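Here are my notes on this model, as numbered points. Please keep the structure open as you read.

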Amino acid sequence: MILIDGKKTAQDIRAELKLEIDKLKTSGRGVPGLVAILAGDDPASEIYVKSKSKACNEIGMKTVTEKLSYNTSEKELLDLVYHYNNHNEFHGILVQLPLPKHINQDKIIEAISPKKDVDGFHPINVGNLVIGKEAFRSCTPAGIQELLIRYNIETKG
């Protein structure tokens, strides 16, 4: 039986990423940036976004959290997504779900540039994943795959 230690693996990955980001800094190149957009006041979402921000800070990435009220309009959220789509210092956009009920989730996901869609939810990324092309992948399955690889566990099927 193999005991998989997810916390240790996450620590190892963060240490590896910190080294890569330190190399980018040393070479004078820009560091990766992540913006997390949180609309509403869902406590679990706030905890998740805070943990992403903490991890980014730990490895030396640029990170910003945009916290919007529950009453934010769909247009305001779309405008913010478009702003970060065109912002060169941020390479990833995470719009935390669930969104307030009056906002069309699909419309927001489709507004995120596929090149910055770190959740892998944009239809272009989903389609590319299905046909075996390079794409952002959803975090949980990607994390499970990484654990299997790092623990040298083969799967059948």
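1. Start with the largest pocket. Helix α1, strand β1 (33-39), helix α2, strand β3 (92-95) and helix α6 (139-150) each supply at least two residues of its lining. Helices (H or I, at least four residues) and strands (E, at least two) are DSSP runs, numbered from the N terminus.

2. A word on the source. This is a predicted model, where local features need pLDDT of at least 70 and side-chain atom pairs count only at pLDDT 80 or more, while totals for chains, interfaces and linings use all residues. Residues are numbered from 1 along each chain as its sequence is written, and side-chain values use heavy atoms, with hydrogens and water left out.

3. How much space lies in the largest pocket? About 1,600 Å³. A pocket is an open set of points on a 1 Å grid over the protein atoms alone, where a 1.4 Å probe fits, with protein on both sides within 12 Å along at least five of seven lines; lining residues have an atom within 4 Å of a point. The volume is the space filled by probe spheres set on the points, and grid points are joined across faces, edges and corners.

4. Now the lining. Of its 33 residues, the closest to the pocket centre are Ile 13, Leu 17, Lys 52, Cys 139 and Gly 143. The lining divides into 16 nonpolar, 8 polar and 9 charged residues. Ala, Val, Leu, Ile, Met, Phe, Trp, Tyr, Cys and Pro count as nonpolar, Asp, Glu, Lys and Arg as charged, and the others, Gly among them, as polar.

5. Look next at two helices. Helix α1 (residues 6-26) and helix α2 (residues 43-59) pack at about 50°, with axes 8 Å apart. That makes α1 oblique to α2. Angles under 35 degrees count as roughly parallel, over 145 as roughly antiparallel, 65 to 115 as roughly perpendicular and the rest as oblique. Axes are lines fitted to C-alpha atoms, for helices over the stretch in contact, and angles run from 0 to 180 degrees between N-to-C directions.

6. Which residues meet there? Arg 14, Leu 17, Lys 18 and Ile 21 in α1 contact (heavy atoms within 4.5 Å) Ala 55, Glu 58 and Ile 59 in α2.

7. Finally, Thr 9 lies in helix α1. Thr 9 is buried (under 20% relative accessible area; exposed is over 50%, partly exposed in between; 1.4 Å probe, protein chains only), at 6%. Thr 9 touches Leu 147, Arg 150 and Tyr 151, not counting residues up to four places away in sequence.
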